[in-house]
Amino acid sequence: TGAEMNASRMANPAAYRTRLEQEGPSLPLHKRFANYYYHHPLNVLVGAGVVGVGSIFASKRDSNVLFSQRVMQTRVQGQFTILTILIGTFAFFQAMDSRGGEFTS
C-alpha cells in the first residue's frame, strides 16, 4: 500500500533509491513526470514560468510599442500566467494527495 511504501522510503531512503534505480523506468512517462512534479515542484514552476513569460515577451517583439510598454504588458500578462500555473499546481497537489501521493505502479 501507499503507507507502507512511504514508511519504507522514509526509514531507508538510500535503499529505496537503489531499488528504484535497479527496477528502471517501469512507469509510463506521464506518471514519471507527475512524480517528478510532486517531488520537485519549484523546478517545474520556475521552468514553466520562465518559458511562459519569455514567450509573452517574445510575442510582443513585432508590435509598434516602446520597449517600456512591452515590459509593462509582459509583466501584467506574466503575473496572470504565473498565478494560473500556481493555481494549477495547488490543484495537482490536492489531486495527488487525495490519491495517496506518488505513483508506484
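I count two rings of Phe, Tyr or Trp as a pair if their centres lie within 6.5 Å, and I call the pair edge-to-face if the planes are over 60 degrees apart. With that rule I went through this predicted model and found five aromatic pairs.

First entry, F57 and F67. I looked up their rings: the centres are 6.0 Å apart and the planes sit at 85 degrees, so I logged the pair as edge-to-face. F57 belongs to helix α4 and F67 to helix α5 (residues 67-98), ten residues apart, and the pair links distant parts of the chain. F57 comes out partly exposed, at a relative accessible area of 26%. F67 counts as exposed, with 53% relative accessibility, because the cut-off for exposed is over 50%.

Next, F92 and F93. This pair is edge-to-face too, with 5.8 Å from centre to centre and 90 degrees between the planes. I have F93 down as partly exposed at 21%, since buried would need under 20%. Both residues also turn up in one aromatic cluster, along with F33, Y37 and Y38.

Then I went over the surface. L42, V46 and V50 make a nonpolar patch of about 300 Å². I placed V46 in helix α4, which covers residues 41-59.

Last, the overall picture. I see five helices and zero strands. Of the 105 residues, 19% are buried. Taking contacts between residues at least 6 apart in sequence, I find that 59% join residues at least 24 apart.

Notes. Residues are numbered from 1 along each chain as its sequence is written. This is a predicted model: local features need pLDDT of at least 70, side-chain atom pairs count only at pLDDT 80 or more; totals for chains, interfaces and linings use all residues. Side-chain values use heavy atoms; hydrogens and water are left out. Helices (H or I, at least four residues) and strands (E, at least two) are DSSP runs, numbered from the N terminus. Buried means under 20% relative accessible area, exposed over 50%, partly exposed in between (1.4 Å probe, protein chains only). Contact means heavy atoms within 4.5 Å. Patches are made of residues with over 30% relative accessible area and no salt bridge: like charges are joined within 9 Å, nonpolar side chains (Val, Leu, Ile, Met, Phe, Trp, Tyr) within 5 Å. Accessible areas come from the Shrake-Rupley method with a 1.4 Å probe; for residues, only the protein chains shown count as cover. A salt bridge is a side-chain nitrogen of Lys or Arg within 4 Å of a carboxyl oxygen of Asp or Glu. Rings of Phe, Tyr and Trp (its six-membered ring) pair if their centres lie within 6.5 Å; planes under 30 degrees apart count as stacked, over 60 as edge-to-face and the rest as tilted.
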